[in-house]
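Subject: Structure for your review

Hello,

Here is the structure I said I would pass on. My notes on it follow below.

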Amino acid sequence: VMVLGNDVWLPAASELEVPELNITTMPLLAAAHQLGRFCDNQCKEFMLCHQETLKDPRKCLAEGKAVTECGLEFFRQIKRHCALPFERYLNCFEKRSTSYNRPAYCRREQGPFDDCVRQHLGQERPPPGYFSKIRLHDSQRPRPPVPPAPMPQRIEERDLDSVTEPPGTPDPLFAFNSRDTSEEGQRRAREWLRLNKERTTSRNFVPPAGDSSE
Amino acid sequence: MDSHPGGFKQEMPPKGGFKPIDFVRKQIKRPWRGHLLIAGTYLWTYAGITLWITPQRQRYYYQKQEAQEVRIAAWPFVLAERNRLYLKHLIKLRDAESELMKDVPDWKVGHWFSTPIFHNPRGLWIDPLLYGFYALNSKKDYKYRRFFHHYFV
């Protein structure tokens, strides 16, 4: 069910049109270690924003664009300098892929790729455990404030045992007694059903216009 | 046989008589290699554990961790793109809803006839339910997504 009304701000469609990282899963997973190191700061900023804004997709668009841009830059440089070693590594990765895609099965091709990246991009492969460990990030962006949570108003207590309704008050949840075989009861039932025919058939029921319960 | 009358040979003591009986208590001869064998077993086990099996297991667990790290490193790129696509689809849904219900009286977009769906005093972000998110898709698409976990992990 749609819960976004016109008062909820959604960004314009033009703001969401950015040059995307048009690659499939395999190149992304194959180059993930080097890519993660190349775009480490942008990734950390984006994930920090994502965490602090309680996973609001509208709030982290700028950081997301920075992440995609950095990824594009990385693959541009790879294509310019390191195309062949990367292609060999990617072929090995793709052909030996299973339910668990392990870079360990392609070490022979990974060596030249790592050397090429070290030579042209000037970065070493991150050490084992680099991405698994918790990494701290110091950001210049101030922490977004969490809106305050107002406590619901307290209902004053009443001694409900002393309060009684006047006799003859109709029960709002009682329509009629279907087991009442007397003529009066049956007449009452038939009349109620006649008056509330629309309400008992759910297909075309439209509730009457009233004030909202907010 | 002719030399054995009666057909059997009589058992007699050997020539020179029996040797004297040695009744003094003596120690049992134990094989002196036994300790070495046990010690060798322990040493071989220790060497195998430290030099072979432990690095083998570490390599296996490291390979698993590396595969997981690949996904951790690639996640921000996927998430950024996914959020953008998600917002594009939400815009499309909201526009479609306002267009569809513009002639219906007392209908507010994102509400049920002027009643809000969720109580949200803080104005937090709420995702629409799956059924509404797939409003512009076929029932088959919705079922494919709803029971995705039946076929994929």
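**Around A:Ser139**

Apart from residues up to four places away in sequence, A:Ser139 touches A:Glu45 and A:Leu48. Please keep in mind that this is a predicted model. A:Ser139 lies in the loop of chain A that runs between helix H6 (107–120) and helix H7 (183–195). Its relative accessibility is 16%, so A:Ser139 counts as buried, the cut-off being under 20%. The side chains of A:Ser139 and A:Glu45 are joined by a polar contact of 3.3 Å. The A:Ser139 side chain also reaches the backbone nitrogen of A:Arg141, at 3.2 Å.

**Nonpolar cores**

The largest nonpolar core has 38 residues. Those with the most contacts inside it are A:Leu35, A:Phe74, A:Phe75, A:Ile78, A:Phe86 and B:Phe77. At least two residues of this core come from each of helices H1 (25–30), H2 (32–38), H3 (40–52), H4 (61–81), H5 (83–95) and H6 of chain A, and from helix H1 (34–100) of chain B. A second, separate core has 13 residues, among them A:Met2, B:Tyr86, B:Leu87 and B:Trp125.

For A:Phe74, the contacts beyond four places in sequence are A:Ala31, A:Gln34, A:Leu35, A:Phe38, A:Leu121 and A:Gln123.

**Annotated segment of chain B**

An unreviewed UniProt entry annotates residues 35–54 of chain B as "transmembrane region". In the model, residues 35–54 of chain B are 100% helix and 0% strand, with the end C-alpha atoms 27 Å apart.

Regards

Terms used:
Residues numbered from 1 in each chain as written. Chains lettered and ligands numbered in written order. Predicted model: local features only at pLDDT ≥ 70, side-chain atom pairs only at ≥ 80, totals over all residues. Heavy atoms only, no water. UniProt positions renumbered as here; feature names shortened; annotations may be inferred. Helix = DSSP H or I, 4+ residues; strand = E, 2+ residues; numbered from the N terminus. Buried < 20%, exposed > 50% of the residue type's maximum accessible area, 1.4 Å probe, protein only. Polar contact = N/O pair within 3.5 Å; in protein donor to acceptor, adjacent residues only side chain to side chain. Contact = heavy atoms within 4.5 Å. Core = buried A, V, L, I, M, F, W, Y, C linked by side-chain atoms within 4.5 Å.
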